[in-house]
Amino acid sequence: MKIQLKYIAALVAAATLFVSCSSDDSTTVNPNAFGDAEVYFDNGVAGDALILGTTYTNSNGERLTINRLNYIVSNFILIKEDGTEYVYPKEESYFVISQENDMLTVHLENIPEGDYKKVRFGIGVDQQRYLQGETAQQSFWDLAAANEMTWTWSTGYRFINFEGTFNTAASPEDKIFQVHQGSNTATDNYREITLNLPTTARVREGEVPSIHVKTNANVILDGQQKIKLSDNLNPAGTGAAIMGGENLITIAGNTLNMFSVDHVHNGGSGHHE
């Protein structure tokens, strides 16, 4: 009996050692290896999923039927717990997120293996990149143009394209709204945000962590500062177009609270939930 107990104890010890080694192996970082990561943007409106063509009521008492939500995200940086930053190559760091075209995932390649606790990215296109000229960014310009994210070259990019119709209880007829956020000659409306990850994103060779970001489109007009579409009607009263002026500065401030990380899914070869 004693021999059997010793044998069982030896097996348990060996199994424990094996699990311990396997766990250590799974968390080991190879400083000479690289992996990929995904950032998935899950668009919503004040806690509800964004479904194009659906009507949402904001705190301004305006009922918005959203037909388009496109935006540019850029200049991705992954940050480790000790503050070490990996800056994604600038030439490859501009992406269009489009609800209507099901373009919701940013795929980042060849990232040094590591455990990352924060992600930083920009909303729009920074002046440094824009001033490099059309030739330097032709590929992204073409992508942005194909997704309604440009004006003319001299006036640059739309950082956010938010469109649909709206009405109020006092004015129940639907009116068109267009919110085209971007920089102009008066202001630079590019903004950057840093998001904490609830769990570490483990970048490893052959494993692709997916960072699930929740986007709240409601804050574009109904954030810390409020913008009423009904205050921006055209002279005919048939629609509201916000494409310049102080409203763009207000929107740029609101978008700092537009994103949050819901969860991180580690392992696998690229997915989102």
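This is a predicted model: local features need pLDDT of at least 70, side-chain atom pairs count only at pLDDT 80 or more; totals for chains, interfaces and linings use all residues.

Trainee: How many salt bridges does the structure hold?

Mentor: Side chains of opposite charge can pair when their charged atoms come close. In this model there are eight salt bridges.

Trainee: Which side chain meets that of D42 in a salt bridge?

Mentor: The partner of D42 is K214, with 3.2 Å from N to O. This pair links distant parts of the chain, since D42 belongs to strand β1 (residues 34-45) and K214 to strand β12 (residues 210-216), 172 residues apart. K214 counts as partly exposed, its relative accessibility being 35%.

Trainee: Are E163 and R68 buried or exposed?

Mentor: Buried means under 20% relative accessible area. E163 has 15% and is therefore buried; R68, with 17%, is buried as well. The side chains of E163 and R68 meet in a salt bridge of 3.1 Å, N to O. Here too, distant parts of the chain are linked: E163 is in strand β9 and R68 in strand β4, 95 residues apart. Moreover, R68, E100 and E163 are linked in a network of salt bridges.

Trainee: Where do K90 and D126 lie?

Mentor: K90 is in the loop between β5 (85-87) and β6 (94-98), and D126 is in the loop between β8 (114-123) and α2 (127-130), so the pair ties together parts 36 residues apart in sequence. Their side chains form a salt bridge of 3.0 Å, N to O. D126 is buried, with a relative accessible area of 8%.

Trainee: With which residues is I79 in contact, leaving aside its neighbours within four places in sequence?

Mentor: I79 is found in strand β4 (residues 62-80). With those neighbours left aside, I79 is in contact with T84, E85, Y116, K117, K118, R120 and T194. I79 is buried, because its relative accessible area is 5% and the cut-off is 20%.

Trainee: Which residues of helix α5 are buried, and what covers them?

Mentor: An α-helix has 3.6 residues a turn, so residues three or four places apart point the same way. In helix α5 (residues 246-254), the buried residues are L248, T250, I251, A252 and N254. Their cover includes strands β9 (160-168), β10 (175-181), β11 (191-203) and β13 (239-242), together with helix α4 (219-222).

Methods: Residues are numbered from 1 along each chain as its sequence is written. Side-chain values use heavy atoms; hydrogens and water are left out. Helices (H or I, at least four residues) and strands (E, at least two) are DSSP runs, numbered from the N terminus. Buried means under 20% relative accessible area, exposed over 50%, partly exposed in between (1.4 Å probe, protein chains only). Contact means heavy atoms within 4.5 Å. A salt bridge is a side-chain nitrogen of Lys or Arg within 4 Å of a carboxyl oxygen of Asp or Glu.
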